[in-house]
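Q: Can you walk me through this one? I'd like to start with charged contacts, then go to the strands.

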Amino acid sequence: MLRVQLTEARETLLVTLYGRALDARATRPVLGDTMASEAVNAIDFDFATTHITPRMAPTVAVRAKFIDDWVREFLREHQGEATVVHLGAGLDTRVWRIDPGPEVTWFDVDFPEVIEIRRALFPERPGYHMIGASVTDEGWLDRIPDGRPTLAVAEGLSMYLTAREGVTLLRRITDRFNGGTTIAFDAFNRLAIRTQKMNPAVRMSGATLHWSVDHPRDLVRDVPGLRLRDAVVALTAPGSELLPRGTRVLSSALRPFRPIRQMSRYLRYER
Ligand SMILES: C[S@@+](CC[C@H](N)C(=O)[O-])C[C@H]1O[C@@H](n2cnc3c(N)ncnc32)[C@H](O)[C@@H]1O
């Protein structure tokens with residue numbers, strides 16, 4: 001068994017990993033990420049402390065599936081050579097779920113101590129690289145080739161950055177890649193940041209959430225060259241029909257209240 005000792009934002013990866021593992025063990029999984037289930041079996045950690053239950057697991061799985069589908073769409077649109085940069089990858093096995101062809105180069109980026117755990121848990125694969133760095137550091141982007149269509153994708157990361165760090169990161173990404181860039185990530189609004197103590201990942205880890213994106217178009221102003229392709233409300237996004245009935249009933253009751261409806265959104269920008 002692999003002992004892991006992570007704190008704050010790094011520890012939250014265990015919450016989402018466990019959500020995907022429980023989904024994989026369900027009778028009718030949404031994502032079916034059996035590698036996540038195997039990883040949970042291999043890690044010496046009391047996953048009950050995540051407070052994620054089988055009933056909550058589809059919420060994690062639906063988000064992962066939605067973002068997986070954007071990655072697949074990007075790879076279809078850019079057939080041939082392309083680069084995927086997966087930021088704040090945690091212990092997500094997205095590269096195996098997508099299983100891209102040999103013409104795709106894939107980078108998973110997370111803090112060095114997280115990458116160390118990834119290396120212990122997951123096998124290598126051709127075209128797949130890991131970078132141990134904070135996404136807020138300068139320098140790691142130089143390790144990624146430019147001149148090819150590039151997708152920067154992140155799930156459950158933006159809210160752990162400050163607004164300044166987030167905007168700087170988006171600027172660096174758009175400046176760096178000159179072969180066409182797509183940036184896809186989920187973002188919280190101000191209400192989600194204000195009510196963060198209700199978020200199981202925050203409660204369990206003691207992490208603090210900072211960055212809210214209330215108006216996705218503001219980033220077009222803050223990051224020269226970026227244009228907004230999609231801003232999709234997570235509660236009603238494709239795949240949300242797979243959420244448990246209780247969540248769906250609640251979400252349709254809350255739909256008229258815009259700040260509640262927009263607590264979490266999937267954003268896709270292009271350059
Ligand atoms: C909620 S977890 C999500 C992990 C993964 N994307 C998933 O969906 O399972 C948040 C992740 O963001 C990473 N993270 C937070 N701040 C980061 C930073 N500044 N640089 C790199 N990774 C960061 C954490 O280490 C953690 O893996």
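Q: Which side chain does Arg229 meet in a salt bridge?
A: Glu73, at 3.0 Å, N to O. A salt bridge here is a side-chain nitrogen of Lys or Arg within 4 Å of a carboxyl oxygen of Asp or Glu. Before we go on: this is a predicted model, where local features need pLDDT of at least 70, side-chain atom pairs count only at pLDDT 80 or more, and totals for chains, interfaces and linings use all residues. Residues are numbered from 1 along each chain as its sequence is written, and side-chain values use heavy atoms, with hydrogens and water left out.

Q: What does the Arg229–Glu73 pair tie together?
A: Arg229 lies in strand S8 (residues 227-233) and Glu73 in helix H3 (residues 57-77), so the pair ties together parts 156 residues apart in sequence. Helices (H or I, at least four residues) and strands (E, at least two) are DSSP runs, numbered from the N terminus.

Q: How many salt bridges in the whole structure?
A: The search finds 28. Another one joins Asp222 and Arg221, at 3.1 Å, N to O. Arg221 is exposed, at 60%, while Asp222 is partly exposed, at 21%.

Q: New topic. How much of strand S6 is buried?
A: Five of its five residues, 150-154, so S6 is largely enclosed by the rest of the structure.

Q: Which residues cover each face?
A: Thr150, Ala152 and Ala154 are on one side, Leu151 and Val153 on the other. In a regular strand the side chains alternate between the two faces of the sheet.

Q: What does S6 pair with?
A: Strand S3 (residues 82-87), parallel, over five bridges. S6 is also joined to strand S7 (residues 181-188) by five bridges, again parallel. Pairing takes at least two DSSP bridges between two strands.

Q: Which residues stand opposite each other?
A: His86 is opposite Val153 of S6. Leu151 has Thr182 in S7 as its bridge partner.

Q: And what unit do S6 and S7 make with helix H6?
A: A right-handed β-α-β unit, with H6 spanning residues 163-176. Right-handed means that, with the strands pointing away from the viewer, the path from the first strand over the helix to the second runs clockwise.

Definitions and conventions
Buried < 20%, exposed > 50% of the residue type's maximum accessible area, 1.4 Å probe, protein only.
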